[in-house]
Amino acid sequence: MTSDSINNQKYLFPTSCGSNESLLILLNRTSEIICKWFSDADKLGPIPIDRNFECSVPGEYGKSLNVLFSEIESLIYSSFNPVHPGSLAHLDPPPLIISILGDLIAAGLNNNLLANELSPSVSLLEESICKWFSIKLGFSDLAGGVAASGGTLSNLNALVAARNFAGLETDQNAVYLISEDAHSSFEKCTRIMGLEKNNLIKVKTDKDGCMDLIELNKSIDECSNEGKKIFAIVATLGTTVRGAIDPIHNIGRICNDRNIWLHIDGSIGGIFSITNLQISDFINVNLANSITINPQKILGITKTSSLLIVSNIEILKNTFSTGLPYVSTENNLFNRGELGIQGSRPAEIIKLWLGLRFLGMRGIEDVLNSSIEKRVFFENNLDTEKYDLYSGPLHIISFLPKGMNKKESDSWTHNKRINLIKKHFMISRPLFKNRYYLRAVFGNYNTNESHINELLKLLN
Ligand SMILES: Cc1ncc(COP(=O)(O)O)c(C=O)c1O
């Protein structure tokens, strides 16, 4: 039955009887390479300067494991290394160790969150973790949620549900509002939903980077004068460039008065709102109809890990369910592949569940709080005579020498970033309000005060 062209049958699939010794050998070998790469980060830096990985495509015959392992090493050693303490560029922290195990378990199980019969325990896990988040966020018993591969998809699930709920699925006058500092992926969501650019209305922000309420009311009035029908307002809980938080309470009140769906993009800040950390407006998140929470961005749950929590789970069912005619479904069970855009889904919830269980609420707060403290330390010690700073209450800060125009900011940030990478600090270079900035994201648990002092020396 098997083909001779496969070079070593015993390494093909796990066996259903016997010891699976060959799999264990390969897992150990792989773990050793990964662990060595983590440890080598100190001397290699966050990102390889000379990237020498070349992709070899599949040939007529399979390659030996020795060849593959040398290619695996080359791939790994040409990768961005998030565990290096100088990795401060993006919302991509080091992976929690327990979460790495979660990914391994998910791959081993190879269960499918499409349907209960393909993931009986993991479907229950996903439902329970979403319920736990719903309660933590202050929603009622009707609430629930679904996991998706990243914040963009969770937001898209919410927008499709909101438009459906408003009965505007095919209406080209349907619009939704975001702040001008909201994430660029909303433009993608707009296109996917078959809408034009002018169906996405960007509301100006105030000096703190929060959605301006006067501007919001103005935009709402303009929409009604122009016959546009608003199906959602999106408030951002933690903007990408400076971590600003839109005024959820007031936006919630406006949505409530006008019967408009409030979606919160909490891709960055959502996880803070289940904690006791005292950050403005976090207690008001239960005013929303939906909220995206994206623990991959700060807690170190390995990518991808994102949840959409909705105040009424029936709305997701009504929006996305088509029935799965080829799947056997027990009476009281709902197939969770019918709660969003994705059909087949990996068991990503395992690593989130394990990560949350391992940390507990205290551990979660510790990780989040330490990120904020690092940003505050950096901000307090950056030369404010020299730099303009943009930050909010979270762990993100953007900065630029005062008085630069776009062209100057372009070359300064470009050169500075390259110099910093050579010194093993990787920070990002966002284009924001028509100038380039440097941005540091202090979500790396391995970064300590002495690293930040070193970075400050290179900047001040
Ligand atoms: C505020 C915000 N929303 C949404 C996204 C998109 O998330 P993802 O990259 O997981 O799709 C990002 C990404 O950084 C973000 O910062």
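1. Basis. Residue numbers start from 1 along each chain as its sequence is written. As the model is predicted, local features need pLDDT of at least 70 and side-chain atom pairs count only at pLDDT 80 or more, while totals for chains, interfaces and linings use all residues.

2. Domains. The chain comprises domain 1 (17-81), domain 2 (103-356) and domain 3 (362-459), with bounds from an automatic or database domain assignment. The centres of domain 2 and domain 3, taken over C-alpha atoms, lie 29 Å apart.

3. Domain contact. Contact (C-beta atoms, placed from the backbone, within 7 Å) involves 19 residues of domain 2 and 18 residues of domain 3. On the domain 2 side there are 10 nonpolar, 7 polar and 2 charged residues; Ala, Val, Leu, Ile, Met, Phe, Trp, Tyr, Cys and Pro count as nonpolar, Asp, Glu, Lys and Arg as charged, and the others, Gly among them, as polar.

4. Ligand shell. Around the ligand are 13 residues, of which Gly-150, Gly-151, Thr-152, His-183 and Ser-267 come nearest (near: C-beta atom, placed from the backbone, within 6 Å). The shell has 2 nonpolar, 10 polar and 1 charged residues.

5. Sheet. Three strands form an open antiparallel sheet in the order β8-β9-β12; strands are DSSP runs of E, at least two residues, numbered from the N terminus, and they pair if DSSP finds at least two bridges between them. The edge strands are β8 (387-391) and β12 (438-441). Strand β9 (residues 396-401) pairs with β12 over 4 bridges, and Ser-398 stands opposite Arg-439 in β12.

Notes:
Two residues are in contact if their C-beta atoms, placed from the backbone, lie within 7 Å.
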